Amino acid sequence: MTLINDYAPLLLRIFLVVLFPFSALDKIVNWHSAMKQAGDIPFKPTMLVVSIIVEFVTPVCIVAGWHDRLAAFILAGFCVITAVLFHQFWRFPDFWRFKGGEGLEHFWEFLKNFGLVGGLGLIVLAPRTLPVSEVMQHPLASTHVVGPQAGSPIVPAP
C-alpha cells in the first residue's frame, strides 16, 4: 500500500496533464493547420509559440512539483481562454437543435476544457493528496466544499 500511496499523486498529475505536450507537438508538426485553426487572433504566430511553450512547460512543472501551483494556475487560464476563443458552441446554429454537428462538438470541447480547469484548480488550492489507504479505510467519507471548513472531512454526529 505504501507504493500506491507514494505514487498515486504523481500518476494522477500525469493523467491530468498528459494531453498538453501532445497538443503542443501537434501544433509544431501541423503548424499550418494550427495557424488556420487560430483564426483571426492578433499576433497569431507569437500566440501559437506561447501556447506551445505553455503546453510543454506547465505540465512538466505540475508533474515534477516545481512551482506546480503557479503552473496549474497558468494552464487553467490557458484552458479558459482556449474554451472561450476556440470553442464558441453558441455561434453554431446547429447546436441549438441538440443534434450532432460542429456546434455540439465544440460544446463538448468547451466543457472538457472547464473540466480540466477544475482538476487544475485542485492542484492550485489543494495540492496535498490523501493517502490511498485513508480513502480505502473511509470510502464513503464526505468533505466540506464551502465555507471556512472547505477541504476538511465532515465528521458525522455521534
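Predicted model: local features only at pLDDT ≥ 70, side-chain atom pairs only at ≥ 80, totals over all residues.
Sorted by type, the residues of the contact of helix 2 with helix 4 comprise nine nonpolar, two polar and two charged.

Helix 4 also packs against helix 1, which covers residues 2-17. Here the angle is about 165 degrees and the axes are 9 Å apart. By the cut-off of 145 degrees, helix 1 is therefore roughly antiparallel to helix 4. The crossing of helix 1 and helix 4 is right-handed. From helix 1, the residues that make the contact are Leu10, Arg13, Ile14 and Val17, and from helix 4 they are Pro59, Ile62 and Val63. This contact of helix 1 with helix 4 holds six nonpolar residues, no polar ones and one charged.

Is proline 59 buried or exposed? Its relative accessible area is 4%, and buried means under 20%, so proline 59 is buried. Leaving aside residues up to four places away in sequence, proline 59 touches Val17, Phe20, Pro21, Val54 and Leu75. Leucine 130, by contrast, is 71 residues from proline 59 in sequence, and their C-alpha atoms are 21 Å apart in space.

Phenylalanine 43 lies in the loop between helix 3 (31-37) and helix 4, and histidine 67 lies in the loop between helix 4 and helix 5 (68-86). Most residues other than glycine have a negative phi. Phenylalanine 43, although not a glycine, has a positive phi of about 55 degrees. Histidine 67 is not a glycine either, and its phi is positive at about 50 degrees. As for accessibility, phenylalanine 43 has a relative value of 65% and so counts as exposed, the cut-off being over 50%. Histidine 67, at 49%, counts as partly exposed.

The view can now widen to the whole chain. The protein has seven helices and zero strands, and from the N terminus on its elements run α-α-α-α-α-α-α. Its radius of gyration is 19 Å, well over the 15 Å that the globule rule gives for 158 residues, so the protein is more spread out than a compact globule. Along the principal axes, the C-alpha atoms fill a box of roughly 60 × 40 × 30 Å. Of the 158 residues, 28% count as buried, and proline 59 is one of the buried residues. Where do the contacts with a separation of 6 or more come from? In the protein, 56% of them are accounted for by residues 24 or more positions apart.

Terms used. Residues numbered from 1 in each chain as written. Heavy atoms only, no water. Nonpolar A, V, L, I, M, F, W, Y, C, P; charged D, E, K, R; others polar. Helix = DSSP H or I, 4+ residues; strand = E, 2+ residues; numbered from the N terminus. Rg over C-alpha atoms; globule rule 2.2 N^0.38 Å. Buried < 20%, exposed > 50% of the residue type's maximum accessible area, 1.4 Å probe, protein only. Contact = heavy atoms within 4.5 Å. Axes fitted to C-alpha atoms, helices over the stretch in contact; angles between N-to-C directions. Parallel < 35°, antiparallel > 145°, perpendicular 65-115°, else oblique. Left-handed = near helix turned anticlockwise from the far one by under 90°.
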